[in-house]
Amino acid sequence: MALSLLATQPVWLSSILLVGVMTLIAMAGPVLVRRRVSLDQLRLNNEVAGFKFATVGVLYAVLLGFAVITVWEKLSEAENAVAQEAATVATLYRLAQGIEGDASAALRDSLTRYVKVAIAEDWPAMEQGQESRAVTQALNNAYAALLTFTPSDARGAAVLAEALHQLDAVTQARRTRLVLAPGTIPRVLWLVLSGGAILTIGFTLFFGTENLRAQVTMTGILSFLIFSGLLIITAIDHPFAGAVRVQPEALS
């Protein structure tokens, strides 16, 4: 869908195309209709169409609000996943000091490699809704390094158990951001959102007011609010792409 394609574009470009252009087109609607349909004919629709427009407006407002809340929550979830990933990597790096033998240095080196490759390759890949195999391999190397440690006492066993738990948490956090990277709004919902916006604004063309300029202004305000809501959705639907995205600073 066209709206989903705007998600990876700069905010200024999305604002011009989605809010500016579409609002101007909507404002031109009442003028074009008035040239073909007389004011007296449009006035006949005001009473009946008013009730129907109220229903259509409420339904679309609920759908639009639901979509905005959903993408906002997913953006927050992506931010929390990156923060959790960074925190668990730091904790695991400290736990490596309690591991005896060569496994300690191997684990620290693997974690350092993982963080560097994640920033360098995973983030660019997630902009395209994909993942980096090099990061997956770096994570596998961290598991392999940790599993070479054979504890000789209860303390070592406790450290190994906690280190495995933290490494699993890193894996889960990475998996969460990879799942969220392609976007959270399905294509069918994009179709409903875009179609609902057109229908809701198009409904205003069935009304007629004495002051055409006032009707054009009201249509423009309604269009601006609707497409501003759609702009918010497109801007944050892809948490790791576009102008509004989660950055890897927490890992650096």
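The largest nonpolar core here has 55 residues, and those touching the most other members are L107, Y114, L193, L230, I233 and F240. Such a core is a set of buried Ala, Val, Leu, Ile, Met, Phe, Trp, Tyr and Cys residues joined through side-chain atoms within 4.5 Å, where buried means under 20% relative accessible area, exposed over 50% and partly exposed in between (1.4 Å probe, protein chains only). This is a predicted model, in which local features need pLDDT of at least 70 and side-chain atom pairs count only at pLDDT 80 or more, while totals for chains, interfaces and linings use all residues. Residues are numbered from 1 along each chain as its sequence is written, and side-chain values use heavy atoms, with hydrogens and water left out.

- At least two core residues come from each of α2 (11-36), α4 (46-95), α5 (102-127), α6 (133-147), α7 (154-180), α8 (187-203) and α9 (212-236); helices are DSSP runs (H or I, at least four residues), numbered from the N terminus.
- Helix α4 gives the largest share of this core, with 10 residues.
- Beyond its neighbours within four places in sequence, Y114 is in contact (heavy atoms within 4.5 Å) with E85, V89, V135, A138, L139, V170, R174 and R177.

**Around T176**

- T176 sits in helix α7 and is partly exposed, because its relative accessibility is 26%.
- Leaving out residues up to four places away in sequence, T176 touches E77 and A81.
- A81 and T176 are 95 residues apart in sequence, yet their C-alpha atoms are 6.5 Å apart in space.

**The aromatic rings**

- There are 4 aromatic pairs, counted when rings of Phe, Tyr and Trp (its six-membered ring) have centres within 6.5 Å; planes under 30 degrees apart are stacked, over 60 edge-to-face and the rest tilted.
- One of them is F53 with F207, which is edge-to-face because the ring centres are 5.8 Å apart and the planes stand at 80°.
- This pair links distant parts of the chain, 154 residues apart: F53 is in helix α4, and F207 is in the loop between α8 and α9.
- F53 is partly exposed at 22% relative accessibility, whereas F207 is buried at 18%.
- Ring pairs join F53, F203, F206 and F207 into a cluster.

**On the surface**

- I25 belongs to helix α2 and counts as exposed, because its relative accessible area is 51%.
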